[in-house]
Each structure stands twice: as C-alpha cells, then as structure tokens.
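Visitor: I would like to learn how to read a model of this kind. Please take me through the features one by one.

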Amino acid sequence: MFKTRLISGIVLVAFFILVLYFGGPVTGITMMVLSIIGVFELCRVYKIEKNSPAVIAYIWTVLYYAVLMLSKQKLGDVSVSRFVMPVLIIYLLVILAVYVFKFPKYHDKEIMAAFTSFFYVSVMLSYIYKIRDMKDGGYFVVLCFICSWGNDTLAYCVGRLFGKHKMSPKLSPKKSIEGLFGGIIGAGILGILYGLFLKNQIQNTDMILVKLFFVGALGAIPAVIGDLAASGIKRNNDIKDYGTLIPGHGGVLDRFDSMIFTAPIIYFLLEFFF
C-alpha cells in the first residue's frame, strides 16, 4: 500500500509540475477536468451524480472555467471577467428552477448538494488556475502545495513526535493540537525558505520573507479545515474514500481536500501583499 501511494504521489507531483509549467489553457483545462471529477465524487456521496442537478453542475463547471480562461478578452467594450459573478448567480437560479419545475422529484437536500458541489469544488479549486494566471504566478502557485501538502506532512511529523492533546477526537483521533501548530508554523518556515529562492526570480521582493511567512502560515490554517471538513462528510455518509482515481490516495477530493480551501486564501493574500 505504501509503495503504491508513494509511486502515485510521485507521478501526481510530476504531472502537476508539467501542468503548472505550461500554465494558460493547459492549467485551466486540467483544473476544469479535476473539478468535474470532484463534483461527480461529491454528488455521488448524495446519490445524485447522474441526475439533472449534478449534470447542470458539470455543465456550469465548463462554462465557469471558460469565462475564467477568457476573462482577459473583451466582448465589444465589456471585459469577459465581468461575467464571472452572473455565471455564479445564474447557476443558483437554474438549479432552483429544476427544483421548482420538477417538484417533488428532488428534495431540497439534493439541490443543496449540487449547489455545494459546484462552489465547494469547481469555484474554490479554480483559484489554483487564477494564481497561475497572476503576474509571477508560475512561482506563486507553488505556495498552494507548500501550504497544503507541506503543512500536512509537517503536522504529521510534529504530531507523531510531540502530540499529546487531541484536536478533534471524534472526527480525526490521530490529529493533535501540537501537530496543528507544528504544521502551521512549519508551512510559514517553508514559505520563508521558498522566499529565499524567489528573491532572485521576481521583481517585488520588498520584505518578501516576512510576507511569505504569513502567506505560508495563514494559508495552512484553511488547509486543516478543508481536510477535516472532507473527513466529516465521509464519516457522515459512511464512506472510506471519495473515489479511486489516484491509487493509494483515493479520489480528487481525497487528495485536494485541503488545497480546495487553501488556494483561495493564498490568492487573496498574494493580491494583498504583492
């Protein structure tokens, strides 16, 4: 099991290095496909993956990413980026229309599951693409992995060595408060180390080490929430993994559960600092 997990993890990292290196449509389309799979996995938890609300979520994921990837273009005098919010609002109206006109075929919980799936996976995960599309985004997008996977690894190590106080005994008995703080501070330190590299790669380097410490540490906090939230959904619905796409890891949501929450926070922190 460990060997399978290690090999698939290496392949996954190599795959993302290539995807993020090329950027642009390559990154956008890859994140779109991963988002559709993630939406499917979450809708399957609520047994609606083949029903109209879920199908609309898949279609809207494609539409949403298309608008994002064309956001720098213009339709006449209007920037395509102005259509992002209307796309989100119309999505809610459409699935509620399905709920109303097909009533009582679908329960409100199923409609809410489809609504949450789209926002929880597609919209949140799209911030990886949005970071990559920023100025110097090829460098900054690495912070998503530092805050997510780096925090997870360091929290595990610190927890194993020093963990005595349970953080969430019922939801995740193995996680400790010591591990929580170890992961957050560790992600901040990784941010500093990465900043030493970035000093020679980007132009805006004013207080970069301090800035990346806060980006790393603050970006790691939602990673913990994302991980526990995904675990909570699995426990509530008695499932072990969301899928089997990644051998040894599970599905898209099993591997990207923390990054789903981390990416948006990092995006706005980068907007603020840089």
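**Reading the model**

Guide: Start with Ser-148, which counts as buried because its relative accessibility is 1%. Buried means under 20% relative accessible area, exposed means over 50%, and partly exposed lies in between (1.4 Å probe, protein chains only). This is a predicted model, where local features need pLDDT of at least 70 and side-chain atom pairs count only at pLDDT 80 or more, while totals for chains, interfaces and linings use all residues. Residues are numbered from 1 along each chain as its sequence is written, and side-chain values use heavy atoms, with hydrogens and water left out.

Visitor: Which helix holds Ser-148?

Guide: Helices (H or I, at least four residues) and strands (E, at least two) are DSSP runs, numbered from the N terminus. Ser-148 belongs to helix α7, residues 142-162.

Visitor: What does the side chain of Ser-148 make a polar contact with?

Guide: A polar contact is a pair of N or O atoms within 3.5 Å; within protein, one must be able to donate a hydrogen and the other to accept it, and residues adjacent in sequence count only if both atoms are side-chain atoms. Here the partner is the side chain of Ser-258, at 2.5 Å.

Visitor: Which residues does Ser-148 touch, not counting residues up to four places away in sequence?

Guide: Contact means heavy atoms within 4.5 Å. With that exclusion, Ser-148 touches Ala-223, Ser-258, Met-259 and Thr-262.

Visitor: Now the whole chain. How many helices and strands does the protein have?

Guide: The protein has ten helices and four strands. Along the sequence the pattern reads α-α-α-β-β-α-α-α-α-β-β-α-α-α.

Visitor: What radius of gyration does the protein have?

Guide: The radius is taken over C-alpha atoms, and the globule rule is 2.2 Å times the number of residues to the power 0.38. For 274 residues, a compact globule would have a radius near 19 Å; the protein has 19 Å, which agrees. Its C-alpha atoms fill a box of roughly 55 × 50 × 30 Å along the principal axes. Of the 274 residues, 48% count as buried. Among contacts with a separation of 6 or more, 70% come from residues 24 or more positions apart.

Visitor: How many aromatic pairs are there?

Guide: Rings of Phe, Tyr and Trp (its six-membered ring) pair if their centres lie within 6.5 Å; planes under 30 degrees apart count as stacked, over 60 as edge-to-face and the rest as tilted. By this rule there are 24 aromatic pairs. One of them joins Tyr-99 and Phe-103, edge-to-face, with 5.8 Å between centres and 85° between planes. Tyr-99 is partly exposed, at 23% relative accessibility. Phe-103 is exposed, at 54%.

Visitor: Why is the pair of Tyr-127 and Phe-268 tilted?

Guide: Its planes meet at 50°, with the centres 5.6 Å apart, so the pair is tilted. Tyr-127 lies in helix α5 (residues 108-132) and Phe-268 in helix α10 (residues 252-273), so the pair ties together parts 141 residues apart in sequence. Tyr-127 is buried at 13% relative accessibility, whereas Phe-268 is partly exposed at 49%.

Visitor: Which residues do ring pairs link into a cluster?

Guide: The cluster holds Trp-60, Tyr-64, Tyr-65, Tyr-91, Phe-115, Phe-118 and Phe-119.

Visitor: Which ring does the charged end of Lys-130 sit over?

Guide: A charge sits over a ring if NZ of Lys or CZ of Arg is within 6 Å of the ring centre and within 35 degrees of the ring normal. Lys-130 sits over the ring of Tyr-267, 5.0 Å from its centre. Lys-211 lies over the face of Phe-274, at 5.2 Å.

Visitor: What about the backbone? Which peptide bond is cis?

Guide: The bond from Phe-103 to Pro-104 is cis, with omega near 5°. Pro-104 is in the loop between α4 (84-101) and α5.

Visitor: Where does Asp-136 lie, and what is its phi?

Guide: Asp-136 has a positive phi of about 60°, although it is not a glycine. This residue lies in the loop between α5 and α6 (137-140). Asp-136 is partly exposed, at 26% relative accessibility. Met-207 also has a positive phi, near 55°, and lies in the loop between α8 and α9 (208-236). At 52% relative accessibility, Met-207 counts as exposed.
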